[in-house]
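Student: Could you take me through one part of this model in detail, namely its pockets? I would like to know what lines them.

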Amino acid sequence: MMEASDLLARRRPLERKYSANPASAQVVFRSRGRVDPEGVACRVETGQGITVTGLHRATGGTGADRSAEDMLLEALVGCAGVTLKAIAAREGIVLDDAQIEAEGDLDFRGSLGIADDAPVGFSAIRLVFRIASDADDATLDALIAATRARCVVFQTLTCVPEIVVARA
């Protein structure tokens with residue numbers, strides 16, 4: 001696990017590089033998956049191996065595989081957590097403990113196609129920070145605001161990117 005001081009030492013040269021050459025900050029991320037030929041699942045390649053994504057129980061899934069809905073909230077919590085920690089380290093804010101929780105409201109009638117007025121996807125997501133620190137409330141509120149502003153997953157969810165769908 002990387003320590004905050006290690007992060008700062010690693011980040012400074014990158015910040016100088018990206019400032020001098022903005023194009024060098026552009027990174028293309030990829031994710032690949034293969035639909036299971038026998039089951040209703042998708043095997044997704046991750047940096048840590050393969051994860052199997054299946055249907056949520058509320059749509060008839062068995063619960064044996066990870067649901068994409070859970071993975072989306074997990075990505076939000078993970079991104080918010082590392083962003084919070086990185087900003088706290090940069091600002092010199094000591095976090096004795098920090099917990100992040102995300103929960104979302106989803107009406108599966110939309111994705112099942114049984115109610116045209118039901119949205120497909122989360123209608124609301126709540127992100128809650130529980131932080132133990134000697135920092136005052138104003139500092140912690142500013143830390144959370146900066147986390148929201150810099151968290152890639154949060155910003156992607158709130159500033160919907162262009163998504164191109166193609167068949168190769």
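Tutor: The largest pocket holds about 1400 Å³ of space. Its lining is made up of 26 residues, and those nearest its centre are R11, C79, V82, T83 and V152. Two elements each give two or more residues to this lining: α1, which runs over residues 4-20, and α2, which covers 68-91. Of these, α2 supplies the largest share, with eight residues. Sorted by kind, the lining of the largest pocket has 16 nonpolar residues, eight charged and two polar. Keep in mind that this is a predicted model, and the totals for linings use all residues.

Now to the second largest pocket, where the space comes to about 370 Å³. Here 13 residues form the lining, and L72, V153, T156, L157 and T158 are the closest to the centre. The elements that contribute two or more residues are α2, β6 (122-132) and α5 (152-158). The biggest contribution to this second lining is that of α5, which gives six residues. By kind, the lining of the second largest pocket divides into 11 nonpolar residues and two polar ones, with no charged residues.

Terms used: Residues numbered from 1 in each chain as written. Predicted model: local features only at pLDDT ≥ 70, side-chain atom pairs only at ≥ 80, totals over all residues. Heavy atoms only, no water. 1 Å grid on protein atoms, 1.4 Å probe; cavity = no way out; pocket = protein on both sides within 12 Å on 5 of 7 lines; lining within 4 Å. Points joined across faces, edges and corners; volume = space filled by probe spheres on them. Helix = DSSP H or I, 4+ residues; strand = E, 2+ residues; numbered from the N terminus. Nonpolar A, V, L, I, M, F, W, Y, C, P; charged D, E, K, R; others polar.
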